[in-house]
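Hi everyone, thanks for coming. Let me put the structure up, and then we can walk through a few spots together.

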Amino acid sequence: MEQELSREDFLRKYPYAEAEIINNNIDLDVLNDIYNDYNIYKETYERQADFIANTLRTHNKIHSVKSRVKSSVRLIEKIIRKTPERKEKYGDDFQFTVENYKNEINDLIGIRAIHIFKQDWEMIHEFILNTWKVIEITANVRDGDDTKRFKDLDIQIKSRPSGYRSVHYLIEFYPTNEKVIAEIQVRTIFEEGYGEIDHQLRYSHKEIPEVLASNLLLFNRIAGSADEMASLINLLNKNLCEMESSYEKIIQEKDEEIRRLKEKLNE
C-alpha cells in the first residue's frame, strides 16, 4: 500500500495544483481521504485489469494489450484538474468525495487494445459489445477524418485538435457488490506510437510550446498516412492471395482435364 499523501511532495511534482486547490475551495483532508480509500481498492482493480486484458488477448485481430491501474498520486492530480469542469457540469457546490470519485473518474482501470490494420477495428468493436456492458463509446478523430462508419453505428464523435485518434469504451461490471467502470482504448499500432509520444510531451508541459505542437501535428499526419498505407498493403495482399487461389484452382482444373484426355487416348 502506498504511503500517506505528502502535500509537499505532491506540490513539488504538480506545482500548478496549489492555485487550483485554492481557486476551487478543495479540501485537502478530503483529498487525503480519497487517496487512502483508493489505496484499499487498488489491488482488486489490478486483478480486474488483468482479467479484462487477458479476455481481449483472445481476439485474433488484437496485436497486443496493455493494462494499468491509475496511481494514487495521479488520481489526486486528475481530481484537482477536473474539479472546474465538474463545477461547470453540476454547479459551483460540487466537490469530489470518497462517495463519488469512483463514478466520476472513469479511467481508474485503463486497458489499451492495439491492432494493426484500421479495418480490423469493427470486429474488435463487436467483440467488446458482446463481452461487456458498454455504457459509453467515443471515437476520437482528427478534423477531416472519415467518420461515416462511426455515424452509422451511432457512436459519439469527438474532434481532437491534437490529432489524437482512438476509440474509447466505458464498460461496467460487478466483480463484487460494488460497480466497477473501466476504460478500453482501441487504436492501431501507428496511432499508439503517435499517442505515446504526444502524451509524454503534453504531460511534460502545462501548456505545450507552439514549436512542439506544430511538429506533433506533422507527425500525426505521417502516422495517419502510415495507417492508410498499411490498409492499402493489406488490401493488395488480400487481392493477390485471392488471385493466387483462383489461378491454382484453374491450373488444377486444367491438369485434371489433361489427365482425363490422356486416359481417353490410352483407351
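Let's start with histidine 59: beyond its neighbours within four places in sequence, histidine 59 is in contact with Met123, Ile124 and Phe127, where contact means heavy atoms within 4.5 Å. A word on the source: this is a predicted model, where local features need pLDDT of at least 70, side-chain atom pairs count only at pLDDT 80 or more, and totals for chains, interfaces and linings use all residues. Residues are numbered from 1 along each chain as its sequence is written, and side-chain values use heavy atoms, with hydrogens and water left out.

Back to histidine 59, which sits in the loop between helix 3 and strand 1 (64-69); helices (H or I, at least four residues) and strands (E, at least two) are DSSP runs, numbered from the N terminus. Is histidine 59 buried or exposed? Its relative accessibility is 11%, so histidine 59 counts as buried. Buried means under 20% relative accessible area, exposed over 50%, and partly exposed in between, using a 1.4 Å probe and protein chains only. The histidine 59 side chain also reaches the backbone nitrogen of lysine 61 at 3.0 Å.

Leaving out residues up to four places away, leucine 56 touches, among others, Ile62, Phe127 and Trp132.

Last stop: methionine 229 in helix 9 (residues 210-266). Methionine 229 is partly exposed, at 48% relative accessible area.

Key. Polar contact = N/O pair within 3.5 Å; in protein donor to acceptor, adjacent residues only side chain to side chain.
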